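Please read these notes beside the model.

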Amino acid sequence: MLAKISKFFQDLNDVNNSETATAVSLEIACSVLLCEVMRADGHLSNTEQATLKKVIAEQFSLNQAEVADIIEQALEHSDHATDFFQFTSLINSHYSIEQRIEIVKLLWKIAYADGELSSVEEHTIRRIGDLLHLRHSEYISTKPKVKKQ
């Protein structure tokens with residue numbers, strides 16, 4: 001009986017440790033969303049990848065080695081994610097509405113990097129905007145601002 005109780009607490013501890021080990025940083029959460037937009041249309045252009053690296057480096061003040069590490073982790077999380085909620089909820093709890101609007105601008109920047117916007121990229125950004133609790137007007141206003149750039 002005592003062995004079963006001990007095993008129960010050991011299993012509980014293992015679950016808590018694995019949850020801590022899989023915790024996602026804000027940088028990775030944002031990068032996962034950026035990667036999702038980049039991969040949405042099924043075409044990974046060199047321009048999109050270069051834009052992704054530049055955006056992450058500028059947004060989080062990281063060097064190239066750190067950017068490569070963040071992208072690697074973001075792609076890994078992206079491959080295993082079933083939805084965006086785990087990433088957007090982290091962002092929502094730490095970022096202001098203005099910062100979340102800036103993230104959507106970055107998403108548009110990735111989508112426009114290859115010179116064309118696919119409907120699946122636009123749909124992905126719309127879904128992310130909804131999960132970031134942006135009003136439709138806030139979401140819509142970001143698109144032309146980035147397109148002009």
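1. Arginine 39 and aspartate 79 form a salt bridge, their closest N and O atoms lying 2.5 Å apart. The term means a side-chain nitrogen of Lys or Arg within 4 Å of a carboxyl oxygen of Asp or Glu. The pair links distant parts of the chain. Arginine 39 sits in helix α2 (residues 26-40) and aspartate 79 in helix α4 (residues 64-80), 40 residues apart. Helices here are DSSP runs of H or I, at least four residues, numbered from the N terminus.

2. The model is predicted: local features need pLDDT of at least 70, side-chain atom pairs count only at pLDDT 80 or more, and totals for chains, interfaces and linings use all residues. Residues are numbered from 1 along each chain as its sequence is written, and side-chain values use heavy atoms, with hydrogens and water left out.

3. Partly exposed is the range between buried (under 20% relative accessible area) and exposed (over 50%), with a 1.4 Å probe and protein chains only.

4. How many salt bridges does the rule give? The count is 5. Side chains of opposite charge can pair when their charged atoms come close.

5. Glutamate 102 meets lysine 105 in a salt bridge, 3.1 Å from N to O. Both residues lie in helix α6, 3 residues apart, or about one turn of the helix. Glutamate 102 is partly exposed, with a relative accessible area of 39%.

6. Glutamate 122 and lysine 143 form another salt bridge, with the closest N and O atoms 2.7 Å apart. This pair also links distant parts of the chain: glutamate 122 is in helix α7, lysine 143 in helix α8 (residues 136-148), 21 residues apart. Glutamate 122 is partly exposed at 28%. Lysine 143 is partly exposed at 22%.

7. Now the helix contact. Helices α6 (residues 97-112) and α7 (residues 119-131) pack at about 170 degrees, with axes 10 Å apart. Axes are lines fitted to C-alpha atoms over the stretch in contact, and angles run from 0 to 180 degrees between N-to-C directions. The two helices are therefore roughly antiparallel, a label for angles over 145 degrees.

8. Which residues meet? Val104, Leu107, Trp108 and Ala111 in α6 touch Glu121, Glu122, Ile125, Ile128 and Gly129 in α7. Contact means heavy atoms within 4.5 Å. By class, the α6 and α7 contact has 6 nonpolar, 1 polar and 2 charged residues. Ala, Val, Leu, Ile, Met, Phe, Trp, Tyr, Cys and Pro count as nonpolar, Asp, Glu, Lys and Arg as charged, and the others, Gly among them, as polar.

How values were computed:
Angles under 35 degrees count as roughly parallel, over 145 as roughly antiparallel, 65 to 115 as roughly perpendicular and the rest as oblique.
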